[in-house]
Amino acid sequence: MYSEVQREIAIDEELDGLIDKFINVHLPKYRGCSKHTIKSYETAICQFLSWVSDIGGSISQESKSIGVLDFNRNQITEWLYFIEERGCCAATRNQRLAALRSFFLFVTDQNTAYMENYYSIERIRWKKTPTPSKDFLDEEELKCIMNCIEGRTDTAIKHYMLLCVLYESGARVHELINMRAENITHGKVSYIKILGKGQKFRNVYISTNISLLIKEYCRHFEIKRGYLFTNSSGKPLSEAGVNFIIKKYVNMAAEKMPSLYGKKVTAHTLRRSKATHMLQNNMNLVVIQHFLGHESLKTTEQYLDIGIRDMVNAVNISQTARYTTYQFWNDCYWREVSEEEQKQPLLC
């Protein structure tokens with residue numbers, strides 16, 4: 001992406017070298033960022049450079065090439081307004097700002113002369129974003145979706161196993177599509193070695209039943225090494241491909257279970273569903289944190305939401321207790337209370 005921008009836009013030598021080092025060395029080697037994160041940062045920088053070029057190039061009167069000082073507070077603020085007018089949501093706008101901030105922090109590490117510029121960029125405020133939906137599937141909804149995968153065709157078997165492994169492992173979608181047969185250990189303790197965010201591995205333990213299903217799946221499709229889930233061309237599935245499969249069966253299940261109509265179900269929904277079911281079954285929050293691969297317990301707390309069924313039960317229990325108390329006071333009001341009853345506590 002950046003190589004294309006280099007050919008189309010005049011960028012001075014210093015800035016060109018900094019961008020190249022940031023994308024190809026700093027992010028992958030020193031920060032350990034995933035390909036997805038690097039691409040996101042690269043996109044933000046390229047979009048900003050294209051915008052600067054479109055509005056007339058560098059602010060410098062001496063050079064027409066775009067330079068380091070074109071990354072300044074005024075121009076970045078104007079660009080952020082521009083992309084919002086073009087339809088970017090506040091979350092995307094904040095992500096683009098974070099990418100430019102990160103890049104310019106790297107620039108100041110290379111040359112402290114640009115420190116004042118960085119501080120001015122850092123003062124650009126984030127925009128408030130709506131709280132993301134925390135939809136999850138209850139157990140009946142999940143069963144309904146899985147039961148919509150009918151037949152014993154190879155496609156049906158692949159789709160069933162994909163949803164099964166996605167839910168049981170609580171994996172992120174990119175972790176799922178990168179799962180490899182050689183990273184799955186079967187035995188008394190079975191687990192999947194998952195490469196997660198920040199290029200860090202974690203072991204996700206799976207039940208004996210899921211382990212047996214995966215072994216049978218690999219035997220059926222003769223998978224000894226390589227990706228667990230592939231498309232018809234033998235290449236790894238894309239994130240869009242995984243969500244397309246999920247959407248297909250969710251739409252089928254919604255015909256039988258109307259509660260699914262109001263939910264946006266994606267691969268991430270299955271991950272949240274697994275974590276929520278673990279919480280409902282009194283699983284320790286720290287265990288859930290490690291299972292999901294969260295570095296901070298606070299992230300796990302924000303990630304989960306108490307189930308509707310739990311809230312309804314809590315309200316019913318509360319209502320029952322309240323009625324019992326009110327009934328007690330009502331009985332006391334209309335009849336004489338014996339000396340023995342007077343000694344008992346008022347609230348049960």
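So, in what order do the strands of the open sheet come, and is their pairing parallel or antiparallel? The order is β1-β2-β3, three strands with antiparallel pairing. Keep in mind that this is a predicted model, where local features need pLDDT of at least 70, side-chain atom pairs count only at pLDDT 80 or more, and totals for chains, interfaces and linings use all residues. Residues are numbered from 1 along each chain as its sequence is written, and side-chain values use heavy atoms, with hydrogens and water left out.

Back to the sheet. Strands here are DSSP runs of E, at least two residues, and helices are runs of H or I, at least four, numbered from the N terminus. Two strands pair if DSSP finds at least two bridges between them. The edges are β1 (184-185) and β3, each pairing on one side only. Between β2 (residues 190-195) and β3 there are six bridges, and Lys-193 stands opposite Asn-203 in β3. Helix α10 (residues 208-220) packs on this sheet and touches β1, β2 and β3; a contact means heavy atoms within 4.5 Å.

Now the largest pocket. A pocket is an open set of points on a 1 Å grid over the protein atoms alone, where a 1.4 Å probe fits, with protein on both sides within 12 Å along at least five of seven lines; lining residues have an atom within 4 Å of a point. Here 37 residues line the pocket, and among those nearest its centre are Arg-172, His-174 and Lys-197. Helix α3 gives the most, four residues.

Finally, how far can we trust this? pLDDT is the predictor's confidence in each residue, from 0 to 100. The chain averages 82, and 84% of the residues score at least 70. Over residues 314-337 the pLDDT is below 50. Where pLDDT is low, the predicted coordinates should not be read in detail.

Key
Axes are lines fitted to C-alpha atoms, for helices over the stretch in contact, and angles run from 0 to 180 degrees between N-to-C directions.
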